[in-house]
Amino acid sequence: MGMNISVVGTGYLGVTHAACMAELGFNVIGVDIDPTKIKELSHGNLPFHEPGLPELLRKHVASGRLRFTTDYEEISSWADVHFIGVGTPQRADGHGADMRYVDAAVIELATRIRGKALIVGKSTVPVGAARRLRTLIEEHAHPDAEITLAWNPEFLREGFGVKDTMTPDRLVFGCEEPGSEALLRVIYSRALEAGTPVIITDFETAELVKIAANAFLATKISFINSFAEITETIGGDITVLADALGHDARIGRKFLNAGVGFGGGCLPKDIRALQARTSELGLTHTMGFLAEVDEINLRRRERVVRLAHVLLNEQLVGARVAVLGVSFKPDSDDVRDSPALDIAVRLFNAGADVLVYDPKGNQNAAERFPRLHYANDLAEAVAQADLVLLLTEWDEFKALVPADLEGLVAARRIIDGRNVLSRSQWKDAGWEIVGMGQHHPPLDGEL
Ligand code: UGA
C-alpha cells in the first residue's frame, strides 16, 4: 500500500490504532516520550491489558510493519499521515481538559515536517481545539512544509479496542482542507467498503460528536442510577425497570445497568471538560445537568459504603472486607477513576481490613494505593471475610454461586454492586445479599 503512518501517543488508543493500521497493511511507527514504554512495545510487550491486542502487536513487530520510537525526527519526514492519540486528562487546577500533550505533539511535528503531510487529531478535545491547533501549526511550520489537519474522533471502548477499530460503527472525518478526506478514505477503505457509515463534517462538529457521545452515555447511566435511588427508597426492581424501558427501541437497553456508577479515563473527565468548555464559551447553564450526572454517579459510591456500614452493624473498624474487582469495568486493568477502587479505599479509610482481588487490575491499583492488601485469587480474598463486595462484573465473579464461598468466609454477607448475582439463590443459601437499587429498610431515609 506504501503509505507510512505515525501514531503519536502509545496509550490504549495509540497502541490499538497503531497495531490495527499495521494489520490493515500500512507501515506504522508509534511515538511516545516515555522510553520505558517504547522499549517494551518494541519487544512486542503490551504494558496494559487489552484482549486481542498482544497478538496483533507481536505479529506486526515481528513482520517489521510496526515499530516504536521516542524520536520525532524519525517520523516527521518518514510518515505521510500522523495520528495524534495522546491523552487529554483533567487539569490539575480545574475541570477543563489538559491540552498540553496535544499541543506539544503538534508543535514537535510542525517544526520538523518538510513537504506534504496530514496531521489527524484523534484525542478527545474541547470544541474549538482543532481550529486553534490549525493556527499553532501555521505559526510553527517550516516554510518548506505543506501540512493539512483533519479531526477524526475515536470511539473505541477499552476491552473491545481492536474490534472497535477494525469494524467501527461509524467514522467521523472533520475535513476542511483539500486532500485530507481522500487520504482518510484510503486509510479506512476496508471499513468503508464494508459499508461503515461515514460522516464528513467541519472541525467543531467532529470534536462535538465525540464529547456528546460520552456525555450521552454518562447521562444514561446516571439516569438509571437516579431511579435506583427511588427504588432504594420505596421499593421496586431496578433491573426489571431497565429491561422494560429497554424494549422501547428509542431508549434501548444498553448503558441502563444500575450499579456503582461509571469510571475510567474517559466518561468522568469528559463530562467535566464539557462543562468547563461551555462555561468558557459563556454558556454557564447549558451543560448544568452534567453536574447532576456527576453527582448522581458519585453518590453510588457513598451508597455502597453506607451499606457496608449497615451490614456490619456499624462495626467497620477491624472488619475483614473482601473487594472483588477494582478495575473500572471488566476485561480491563484500568483503575483510573474506578468506582470499585474508590469504594475499597473509603472502606480502608473507615478502618476496615480490606483485601482486594481483581483478575487484571491488582497491580495498577497497588501502584496507586499500596496500603490496601491484594490477594492473588478469589479464595484468598474472601478468606475469613465478614463482608464480600462484588464491584466489577468480571465473568469470574458473575459466575459465582454460594457454594464457591462456602467454608471460606466468616459471615455470609455480600453486596452486589453490579446486580449480577441471583438474589434468591444467595438468600436460599443463607446469605444476606443486597444489590443496587434494592430497598433495604435499615437505610430508609438515607442515600
Ligand atoms: C467510553 C465510551 O464507551 C467509548 O465509546 C469511548 O471511545 C471511550 O469512552 C473514550 O472516550 O475513549 P470506556 O471508557 O472504555 O469507553 O468504557 P465504557 O464501556 O463506556 O464504560 C464506562 C463506565 O460505565 C464503566 O465504569 C462501566 O462499568 C460503566 N457502566 C457502563 C455502567 O455503570 N452501567 C452501564 O450500563 C454501562
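Predicted model: local features only at pLDDT ≥ 70, side-chain atom pairs only at ≥ 80, totals over all residues.
Two strands pair if DSSP finds at least two bridges between them.

**The parallel sheet**

**Helix against helix**

Two packed helices are described by the angle between their axes and the distance between the axes. Here are those values for two pairs, with the handedness of each crossing.

| Helix pair | Angle between axes | Axis distance | Crossing |
|---|---|---|---|
| H13 (residues 288-311) and H14 (residues 339-349) | about 40° | 10 Å | right-handed |
| H10 (residues 203-234) and H11 (residues 238-246) | about 135° | 10 Å | right-handed |

Take H13 and H14, which pack at an angle of about 40°. That value makes H13 oblique to H14. On the H13 side the meeting residues are Arg301, Glu302, Val304, Val305 and Ala308, and on the H14 side they are Pro339, Asp342, Ile343, Arg346 and Leu347. Sorted by class, this contact of H13 with H14 has 6 nonpolar and 4 charged residues, and no polar ones.

Now for the other pair: H10 and H11 pack at about 135°. H10 is therefore oblique to H11. From H10, Ile224, Phe227, Ala228 and Thr231 make the contact, and from H11 the residues are Ile238, Leu241, Ala242 and Leu245. How do the residues of the contact of H10 with H11 divide by class? They come out as 7 nonpolar, 1 polar and no charged.

H13 also carries Asp294. Is Asp294 buried or exposed? Its relative accessibility is 9%, so Asp294 counts as buried. Leaving aside residues up to four places away in sequence, Asp294 touches Ile271 and Arg272.

**The mixed sheet**

There's another open sheet, this one of 8 strands, in the order S3-S2-S1-S4-S5-S6-S7-S8 and with mixed pairing. Strand S3 (66-69) and strand S8 (198-201) are its edge strands, each pairing on one side only. On average, and with direction ignored, neighbouring strands of this sheet are turned by 25° against each other.

Strand S1 (residues 4-8) pairs with strand S2 (residues 27-31) in the parallel sense, over 5 bridges. Ser6 stands opposite Ile29 in S2, while Ile5 has Val28 as its bridge partner there.

Helix H1 (residues 12-23) touches S1, S2, S3 and strand S4 (81-84), and its direction is at about 170° to that of S1. Helix H8 (residues 180-187) packs on the sheet as well, touching S1, S4, strand S5 (115-121), strand S6 (145-151), strand S7 (171-175) and S8, and its direction makes about 155° with that of S7.

How covered is S1? Mostly: 5 of its 5 residues are buried. In a regular strand the side chains alternate between the two faces of the sheet. In S1, Asn4, Ser6 and Val8 point one way, Ile5 and Val7 point the other way, and all are buried.

Most residues other than glycine have a negative phi. Which phi does Gln384 have? A positive one, of about 60°, although Gln384 is not a glycine. Gln384 lies in the loop between helix H16 (378-382) and strand S12 (387-390).

Asn419 also has a positive phi, near 50°, in a residue other than glycine. The loop that holds Asn419 runs between strand S13 (413-416) and helix H19 (423-428). With a relative accessibility of 18%, Asn419 counts as buried, because the cut-off for that class is under 20%.

Definitions and conventions: Residues numbered from 1 in each chain as written. Heavy atoms only, no water. Axes fitted to C-alpha atoms, helices over the stretch in contact; angles between N-to-C directions. Helix = DSSP H or I, 4+ residues; strand = E, 2+ residues; numbered from the N terminus. Parallel < 35°, antiparallel > 145°, perpendicular 65-115°, else oblique. Left-handed = near helix turned anticlockwise from the far one by under 90°. Contact = heavy atoms within 4.5 Å. Nonpolar A, V, L, I, M, F, W, Y, C, P; charged D, E, K, R; others polar. Buried < 20%, exposed > 50% of the residue type's maximum accessible area, 1.4 Å probe, protein only.
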